[in-house]
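Dear colleague,

Please find the structure below, handed over for your study. My notes on it follow.

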Amino acid sequence: MKLRLSKVFSVGNTNDRSHKLVTVCGAKIKFKRKDNLQHIKDKFDMPKFDNPLVTILIPCYNQYQYTINCLWSIKNTIKDIPYEVIIADDCSSDKTRYISKRIGNIRVIKTEHNSGFLLNCNNALKHAKGVYVWFLNNDTIVKENALTSLIDIFKSDEKTGAVGSKLLYENGRLQSAGSIVYQTARTCSYGCNDDPDKYEYNYQKEVDYSCGASLLVRRDILDMLGGGFDTNFVPGYYEDTDLCFSIHKLGYKVIYQPLSEVIHYESISHKDAKFGMSAKNKKKFYEKWKDILVSHSFNESDNFFARDRSQNKKVILFCDDWILRPDTNCGNRSSFQYIKFLVSLGYNVKYAGKGFSGGLKPYEDLLTSANIEIIPYNNIDNWLKKYGAYIDYVFINRPEVWEVFYPLCKIYCPNMQKLIYQGHDIHYLRLKRGVNFGDKNKYSQREIIEMKNLEQKIWGIADTVLYFSKQEIDIVKSYNPNIQAYQVPLYLYDSLSDKIKYNAEDRQGFVFVGGYGHIPNIDAVVWFMDNIFPQVCAAYPDIKFYIAGSNPTEKIKKYAGRNVIVTGYISDD
């Protein structure tokens, strides 16, 4: 019976978010949605801080219930940052007039007459005490970590001037993942109405501008720009676009932070006047910035470069095994440092992991927070078909990864300038040594020969071959001296701390660090424990040996005792 009913009656969404689409016996009827606001109590106190780091500036014109819900979400999600709340009341006529009697520890700054969004914000901004000002519409709901993740970007990059949030519709669809400005001054909310969980919307990036519905700006930069929005854009629209362009002009970045999620009901207060004001101010914006706009994208159907302001950057596809987990093994640690180094050099880096299509967010966040877009493995073919022509360099790690990605790149990356291979190990020798170590069942001779043939084939194809030791480079060169093979450091660091001074005589014990999912590390510990450590203990009975690192096997764990400590995984902290 349920199956029959579903055929005659169904409910779906429409492009118009304010309506539902109901189909009854083939007839389609649009019904206006009910308001999804949670009608919470409207009497509570906000936290009070003597020295707020952030001023949360909320412009209001009526819509009392939206404002209350916004404040309630702030109160219940922001726990670790001192802030103040300013309600900028633009002569409201509803209960907003009395909001300070219902909500404790807020400041209400009122305009003398209804002056519009822009002047209302500028007027309230004069009273802000915070180092940062968070312009936050009253028709928003703040989600967990929304403000903290915005602040984190300022801490990590001193050239950041403003940071915007990922904006979501109340139905869960994406409203904006940063915004684009084209040469014509037309704007685009990137990803509007799409699935907000797609990776293309979930990496930190520089943007043309971010919507003023949730925009965190350094107060000193606002002062440099005259104390707020340019009044040429009164009463509103394009004022946030103009502000972000002015920030760029000062030499600072505007960043999109996908970890900051904010639900935005969009233009609740001014929806009727939106389009007229927007068209008028678009002309003003174009006249002000036309000399800058000539360098912006004109192709509105392809936002590959426009979405992250990467028009002048070379594109690198960085391929490795699964997702990088730099706290688990040295190979992943090395790759993670190399990929961050490439970003620091100004490359637009895309990451593709063999077999990885999602589901390990902490490790994903390490990449996406470094401005790196992840390409899911289950979509790599389609992604390369669409964007492969933009790839300038391909950087492939390990032979098994090469087998997956090289054939695809050969087909879909016609403009590839260089193909770089990072071997990490000469794998056929590692397999061979595993057999020679004593376990004849580890690998067959056929597997070893196949790996040798594959690696030698890779050396002959790749434009550049990289290994970490001179011995490996010598082996590659012995195969063909014309191969462009180079020794590179295992680890790269942004900076080095001052040399640590210590007295070796005051130190005791020694340590082996490795990931024990890697067989040579197991072999090394076993060989050392069986052949060397008994002699060390005979000479130094109280010596301590620490076997550190992730995934110790049962064989490793059995060595634990008075002289041996098997630590397992140890955090960097």
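I begin with a loop: Asn145 lies between strand 10 (140-142) and helix 5 (146-156). Helices (H or I, at least four residues) and strands (E, at least two) are DSSP runs, numbered from the N terminus. Please note that this is a predicted model, in which local features need pLDDT of at least 70 and side-chain atom pairs count only at pLDDT 80 or more, while totals for chains, interfaces and linings use all residues. Residues are numbered from 1 along each chain as its sequence is written, and side-chain values use heavy atoms, with hydrogens and water left out.

**Backbone features**

The phi of Asn145 is near 70 degrees, a positive value in a residue other than glycine. With a relative accessibility of 35%, Asn145 counts as partly exposed; here buried means under 20% relative accessible area, exposed over 50%, and partly exposed in between (1.4 Å probe, protein chains only). Asn551 also has a positive phi, near 55 degrees. The loop that holds Asn551 runs between strand 26 (545-548) and helix 18 (554-557), and at 54% relative accessibility Asn551 counts as exposed.

A cis peptide bond joins Val234 to Pro235, with omega near 5 degrees. Pro235 is placed in the loop between helix 6 (219-224) and helix 7 (239-249). For context, most residues other than glycine have a negative phi, and most peptide bonds are trans.

In helix 15 (residues 470-479), the residues Glu472, Ile473 and Val476 are buried. They cover an arc of only 100 degrees around the axis, which puts them on the same side of helix 15; the arc is that of the directions from the helix axis to the C-beta atoms. An α-helix has 3.6 residues a turn, so residues three or four places apart point the same way. On the face turned away from the buried side of helix 15 are the exposed residues Lys470, Gln471 and Ser478.

The buried residues of helix 15 pack against helix 14 (445-461), strand 23 (464-467) and strand 24 (485-487), where contact means heavy atoms within 4.5 Å. Helix 14 has buried residues of its own, among them Ile448, Met451, Leu454 and Trp459. The 17 residues of helix 14 should span 24 Å at 1.5 Å a residue, and its end C-alpha atoms are 25 Å apart, which agrees; the expected span is 1.5 Å times one less than the number of residues.

**A further exposed residue**

Val513 lies in strand 25 (residues 510-513) and is exposed, with a relative accessible area of 62%.

Yours sincerely
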